[in-house]
Amino acid sequence: MLAETLERVQFSPSKRTTYVRFVLAALAGIVAFKTFWFARWGGWADRELADFDAFHIVAQRVWRGDLDQVYHFEALLKMQMEAAGGMTSFMPWTYPPQYDLLVAPFAFLPVGIGYVLFTTATLALYLVTLHAAAGRNFAQVLVILFPALAITIGCGQNGFLTGALIALVCLNVERRQLLAGLALGAMVIKPHLAIAVGVYLLATRRWIALGTAAVVVLTSSLLCTLLFGWQIWIAWSGAIRESASFLEQGFYPLFRMVSAYAALYKAGLPAAFAFWGQAAVAGLALLAVLLGVFLSTVRGMSSAFALGVAAAVSVMISPYAYDYDLPVLGIGLALMLPDLAKLASPRERSVMYGLILLAGAYGLLQSARLAAQFGPKADTNQHFSPALAGLAMLVLLALLVKMLWRGAWPAPARPQVARIAE
């Protein structure tokens, strides 16, 4: 079984080293290849835009003084067409102003150099925190996460940064609440991925961490207001409303998403039903967080396991979640692994590992298939592709809740029937 094959690695130091070296070498090779791609060297001079290109465009607008324009899709589309030599890409900008401030320094670098610096720095930070969370299971987690790590490198997204921040919250909340709060506050750049961990901190009464996070959010918001003006918040809220409309109309590449909304919408349900389904899944995810807290405080499970549950379900709450957000799930898996065998059978663990592999690889494989079939510039929304990654996350959440419920309310012991000697 998959679980037995992967878990056997931890008992052999030589195999662990081999697996880690192989995965790290593969990731380094992808970074090198994509650096040439982003730098438009050779045959990639005429290419479409990717996510880090959007970061670079926004960084330039910070210094030009018209940052609010990136929150208007029509204006942003013109900027993207200028950067791509006339080609169009559907990449609305909905990040809060704090993230604009974070990427601003990259405006002074060519996009290729900016990409390699951003990706290597955030990947290194993520790998350090993942190793701290996984311990002896580091090699196993790397193998399971490899597709998600590859897709994050490929588009130059910030999944490594958000994963590392969630890891810093989980690793420090027990003894260094101030540091955990700083990391949680920094998640203002993608607040929907911090909801589950925030609920965990609230349920366990980590007031120092929560208070510190609130101070970080308020202070950074005040700084952004001073730098960009109060109108930046109006522009941002308008972009969120606009993106909700785009999501409802299916304009986003939903097959790359890992949300229940994407799975339900692509299955043919109306947008309203898909949103309600996402709300139900979000409630189930938060129930999993509370069950994890119950297991750690009443049933003797470790707090690391409960934190792992909170990190794992972080990508299941918002309808807007992509495969490049899955590094956060990797942190959750790393924290859960030491205690997972107490709740899950080998078959259940095999299914869990397989679902994570599928969620990470599906968008990459579908993108490659569509490009090969219809050309690299094909409009993927014109060709039906089910959101199997979102379905995989649905099944994973259902399996996780089932295991947690079983652990929280163990089956009553069967009464012993005394044998009467004949």
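Me: How much space lies in the second largest cavity?
Reply: This is a predicted model, and the structure holds 2 cavities of 30 Å³ or more. The space in the second largest cavity is about 30 Å³.

Me: Which helix gives the most to the lining of the second largest cavity?
Reply: The lining consists of Ala-312, Leu-329, Leu-333, Met-336, Met-352, Ile-356, Leu-396 and Leu-400. At least two lining residues each are supplied by helix 17 (346-374), helix 18 (388-408) and helix 16 (327-343). With 3 residues, the most is given by helix 16.

Me: What volume does the largest cavity have?
Reply: The residues around the largest cavity include Val-70, Tyr-71, Trp-93 and Phe-246. By class, its lining has 7 nonpolar, 3 polar and 1 charged. The volume of the largest cavity is about 50 Å³.

Me: Which helix provides the largest share of the lining of the largest cavity?
Reply: Residues that line the largest cavity include Ala-239, Glu-242, Ser-243 and Phe-246. The largest share of this lining amounts to 4 residues, and its source is helix 12 (residues 231-248).

Me: At what angle do the axes of helix 8 and helix 16 cross?
Reply: Two packed helices are described by the distance between their axes and the angle between the axes. For helix 8 (residues 159-172) and helix 16, the axes come within 7 Å, and the crossing angle is roughly 30°.

Me: Is the crossing of helix 8 and helix 16 left-handed or right-handed, and which residues of helix 16 make the contact?
Reply: The crossing in which helix 8 passes helix 16 is right-handed. From helix 8, the contact involves Gly-159, Phe-160, Thr-162, Gly-163, Ile-166, Ala-167 and Cys-170. By class, this contact has 8 nonpolar, 3 polar and no charged residues. On the side of helix 16, the contact residues are Pro-327, Val-328, Ile-331 and Leu-335.

Me: Why does Asp-339 count as buried?
Reply: Asp-339 has its place in helix 16. Buried means under 20% relative accessible area. Asp-339 counts as buried because its relative accessibility is 8%.

Me: Which residues does Asp-339 touch, not counting residues up to four places away in sequence?
Reply: Cys-155 lies 184 residues from Asp-339 along the chain, with 34 Å between their C-alpha atoms. With residues up to four places away in sequence not counted, Asp-339 touches Met-301, Ser-302 and Phe-305.

Conventions: Residues numbered from 1 in each chain as written. Predicted model: local features only at pLDDT ≥ 70, side-chain atom pairs only at ≥ 80, totals over all residues. Heavy atoms only, no water. 1 Å grid on protein atoms, 1.4 Å probe; cavity = no way out; pocket = protein on both sides within 12 Å on 5 of 7 lines; lining within 4 Å. Points joined across faces, edges and corners; volume = space filled by probe spheres on them. Nonpolar A, V, L, I, M, F, W, Y, C, P; charged D, E, K, R; others polar. Axes fitted to C-alpha atoms, helices over the stretch in contact; angles between N-to-C directions. Left-handed = near helix turned anticlockwise from the far one by under 90°. Contact = heavy atoms within 4.5 Å. Buried < 20%, exposed > 50% of the residue type's maximum accessible area, 1.4 Å probe, protein only.
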